[in-house]
Amino acid sequence: MNLVRSIAFLIVFYSVTVVAILVAVPIGLVGGRPAVRAIARGWALYHRWCAAVLLGIRTRIEGAVPSGPVLIAAKHQSMYETMELVAILDNPGIVMKRELAEIPVWGRLARSYGLIPVERAGGATALRRMLRAAAETVAEGRPIVIFPEGTRVPVGETPPLQPGFAGLYRALDLPVVPLSLDSGKVWPRRSFVKRPGVVTMHFGEAIPPGLPRKDAEAKVHAAINAL
């Protein structure tokens with residue numbers, strides 16, 4: 001049954017996604033960034049509907065959902081939270097692999113939306129580019145989402161934080177809201193088949209700016225792995 005659900009989700013969600021991307025290009029040319037962001041939010045809400053109706057996956061939010069310019073450090077176990085956070089937050093700037101921003105058509109829309117590309121092995125130049133994009137996001141009053149462990153990880157794994165988090169934390173001087181979640185239990189990293197269930201997303205207490213790097217990283221690492 002879960003296999004049938006997963007196939008139905010693949011067909012229904014991604015067929016509409018292709019149409020949405022094709023429609024977003026001309027609309028974005030006319031309406032600019034606000035239009036692209038409106039389409040992105042609608043796409044994220046459609047993903048939520050598909051996940052709930054076709055897969056039986058829903059979200060339970062714990063803690064206060066942050067707003068405004070804040071750095072949200074999130075656990076990353078599946079694609080589910082990347083979509084869900086676009087629906088939950090107010091036009092978040094999500095730090096993502098630069099390769100995704102170079103996908104034809106979709107990458108252009110992602111850059112227009114205001115996602116923040118990062119090159120993991122790009123050195124100081126890549127870090128400066130990321131910081132410039134992040135500063136623009138803050139200037140717009142938008143939150144920034146970073147997955148500080150760097151990639152999706154299986155349930156139970158707690159890899160060390162990547163250096164990009166410390167760079168953003170130091171440069172932006174923003175409070176950090178840690179986000180722990182357990183999406184991997186219903187949306188396994190290396191499995192096509194999803195399972196019905198409730199994904200808990202827990203927004204923790206804000207960590208103040210200006211802490212020593214080791215202290216900030218220790219607090220964030222513990223908080224995002226709380227579940």
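**Rings.** I looked up aromatic pairs and found eight in the structure. My criterion: rings of Phe, Tyr and Trp (its six-membered ring) pair if their centres lie within 6.5 Å; planes under 30 degrees apart count as stacked, over 60 as edge-to-face and the rest as tilted. Y46 and W49 are a stacked pair, because their ring centres are 6.2 Å apart and their planes at 15°. The two sit three residues apart in helix α1 (residues 2–55), so about one helical turn separates Y46 from W49. W49 is partly exposed, at a relative accessible area of 48%. For burial I use relative accessible area: buried is under 20%, exposed over 50%, partly exposed in between (1.4 Å probe, protein chains only).

F165 and Y169 are stacked too, 5.9 Å centre to centre with 20° between the planes. They are four residues apart in helix α6 (residues 163–172), so again about one helical turn lies between them. Both F165 and Y169 are buried. I also noted a cluster that ring pairs tie together: F9, F13, Y14, W43, Y46, W49, Y80 and W187.

**Ground rules.** This is a predicted model, in which local features need pLDDT of at least 70, side-chain atom pairs count only at pLDDT 80 or more, and totals for chains, interfaces and linings use all residues. Residues are numbered from 1 along each chain as its sequence is written, and side-chain values use heavy atoms, with hydrogens and water left out. Helices (H or I, at least four residues) and strands (E, at least two) are DSSP runs, numbered from the N terminus.

**Charges over a ring.** Which charged ends sit over the ring of Y113? That of R37 does, 5.9 Å from the ring centre. That of R142 does as well, at 5.6 Å. The test is NZ of Lys or CZ of Arg within 6 Å of the ring centre and within 35 degrees of the ring normal.

**Strands.** I checked how covered β3 (residues 93–97) is: four of its five residues are buried. Two strands pair if DSSP finds at least two bridges between them. β3 runs parallel to β5 (residues 144–146), joined by two bridges. There, I94 stands opposite V145. β3 also pairs with β4 in the parallel sense, over three bridges. V95 has I116 of β4 as its bridge partner.

I took the second largest pocket, with a volume of about 230 Å³. A pocket is an open set of points on a 1 Å grid over the protein atoms alone, where a 1.4 Å probe fits, with protein on both sides within 12 Å along at least five of seven lines; lining residues have an atom within 4 Å of a point. Volume is the space filled by probe spheres set on the points. The lining counts 15 residues, and R111, L115, P117, A133 and E136 lie nearest the centre. α3 (98–101), β4 (116–118) and α5 (123–139) each give two or more residues. α5 gives the most, with four. By class, I read five nonpolar, two polar and eight charged residues in the lining.

**Backbone.** Where does N91 lie? N91 is in the loop between α2 (79–88) and β3. Its phi is near 50°, positive in a residue other than glycine. N91 is partly exposed, at 24% relative accessibility. D173 also has a positive phi, about 55°, and is not a glycine. D173 lies in the loop between α6 and β6 (176–181).

Definitions and conventions. Nonpolar A, V, L, I, M, F, W, Y, C, P; charged D, E, K, R; others polar.
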